[in-house]
Amino acid sequence: MNTPTAGQVEAYIDHLRFERRLSPLTCLSYKRDLHLFTTFLSRQQNAPPLEQVTPSQVRLYVGFRFRGGVAGRSIRRELSAIRGLYRYLVREGHSEVNPALGISAPRSGSSLPEVLDIEQVTRLVTIAPTSALALRDRAILELFYSSGLRLGELARLSLADIDWSQGSVRVLGKGNKTRVVPVGRMVRSAIQDWLVVRAELAPATDEVALFLGRSGKRLGARAIQLRVDYWGKVAGVDRKVHPHMFRHSFASHLLESSGDLRAVQELLGHADISTTQIYTHLDFQHLANVYEQTHPRARRKLNTKDKS
């Protein structure tokens with residue numbers, strides 16, 4: 001990436017961070033996507049500066065990513081980052097047009113979110129309380145599953161965000177929007193057990209973070225990811241476990257038992273209910289599996305297939 005281009009991207013990321021007040025994780029995601037785009041441009045013959053990029057060159061980038069096996073959903077996210085960058089450059093007078101307008105990502109087979117079943121969740125949240133870190137991690141896993149929090153939302157929690165009298169937690173979500181979500185009895189108990197030993201990691205300090213690392217400082221998002229992966233292996237889950245898998249499981253299990261899509265939307269903090277509707281597909285998939293395994297007509301059809 002040449003220096004002027006790098007400077008323009010950094011200025012845009014600063015705009016997102018300080019003016020639009022997006023979360024550090026969101027800013028990092030935008031920066032990563034824009035780095036992919038600008039690296040592609042820099043490798044082209046007669047590499048253009050950002051303000052001279054044409055729609056044809058954006059289409060070339062989309063084709064390059066798609067041929068590289070990148071899913072359509074990821075390319076849509078990258079295009080969104082590119083359009084946002086050019087909106088900023090046009091506003092600041094550095095570019096006359098937005099070359100990414102009207103360009104869409106190729107369609108690809110939509111994949112359903114990965115979810116854990118109840119047995120797997122139970123194994124993950126029943127960590128033996130053998131140390132302060134184990135108690136902390138049990139509270140983290142319980143909270144992910146109990147309240148469907150995003151990784152960044154959980155990492156930002158402070159002690160004051162827990163309302164013990166109401167049994168709820170105040171969450172700062174995407175776009176700096178605050179929502180209040182309930183926390184169940186089991187997760188409250190797990191957090192209280194953690195708070196008893198929290199002082200072992202932060203003796204006589206004024207650290208306000210709910211979850212701390214060995215240093216006594218706020219536990220970062222990457223460290224949380226690693227701990228979730230670690231406990232997934234300990235629990236014998238047959239795939240890599242990541243924080244968002246708990247969020248998907250929370251939504252899927254809640255929708256399966258309640259059927260209340262609007263309530264799930266509110267709890268997840270989705271601005272648009274269409275985002276939440278992916279879990280209705282998961283629920284239907286579950287029902288279809290139950291039907292195929294239990295309905296006499298379905299079983300008879302499957303048995304006939306097996307004999308042929």
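Author: Contact here means heavy atoms within 4.5 Å of each other. Helices are DSSP runs of H or I with at least four residues, strands are runs of E with at least two, and both are numbered from the N terminus. This is a predicted model, in which local features need pLDDT of at least 70 and side-chain atom pairs count only at pLDDT 80 or more, while totals for chains, interfaces and linings use all residues. Residues are numbered from 1 along each chain as its sequence is written, and side-chain values use heavy atoms, with hydrogens and water left out.

Reader: Thanks! What do the buried residues of helix 3 pack against?

Author: They pack against helix 2 and helix 4. The buried residues of helix 3 are V58, Y61, V62, G63 and R65. Buried means under 20% relative accessible area, exposed means over 50%, and partly exposed lies in between (1.4 Å probe, protein chains only).

Reader: How do you know that the length of helix 3 agrees with its number of residues?

Author: The expected span is 1.5 Å times one less than the number of residues. For the 13 residues of helix 3 (residues 55-67) that gives 18 Å, and the end C-alpha atoms are 18 Å apart, so the two agree. Just after helix 3, G69 has a positive phi of about 90 degrees.

Reader: Why is helix 2 called roughly perpendicular to helix 4?

Author: Axes are lines fitted to C-alpha atoms, for helices over the stretch in contact, and angles run from 0 to 180 degrees between N-to-C directions. The axes of helix 2 (residues 24-42) and helix 4 (residues 72-91) come within 9 Å and cross at roughly 90 degrees. That makes the pair roughly perpendicular, since the name covers 65 to 115 degrees (under 35 is roughly parallel, over 145 roughly antiparallel, and the rest oblique).

Reader: Which residues meet there?

Author: S29, Y30, D33, L34, L36 and F37 of helix 2 meet R77, E78, A81, I82, L85 and Y86 of helix 4. The residues of this contact divide into 8 nonpolar, 1 polar and 3 charged. Ala, Val, Leu, Ile, Met, Phe, Trp, Tyr, Cys and Pro count as nonpolar, Asp, Glu, Lys and Arg as charged, and the others, Gly among them, as polar.

Reader: What makes strand 2 and strand 3 a pair?

Author: Two strands pair if DSSP finds at least two bridges between them. Strand 2 and strand 3 (residues 178-182) have 5 bridges, in the antiparallel sense, which means that they meet the rule. L172 stands opposite T178 in strand 3. Strand 1 (residues 162-163) and strand 2 (residues 168-172) also qualify, being joined by 2 bridges and running antiparallel.
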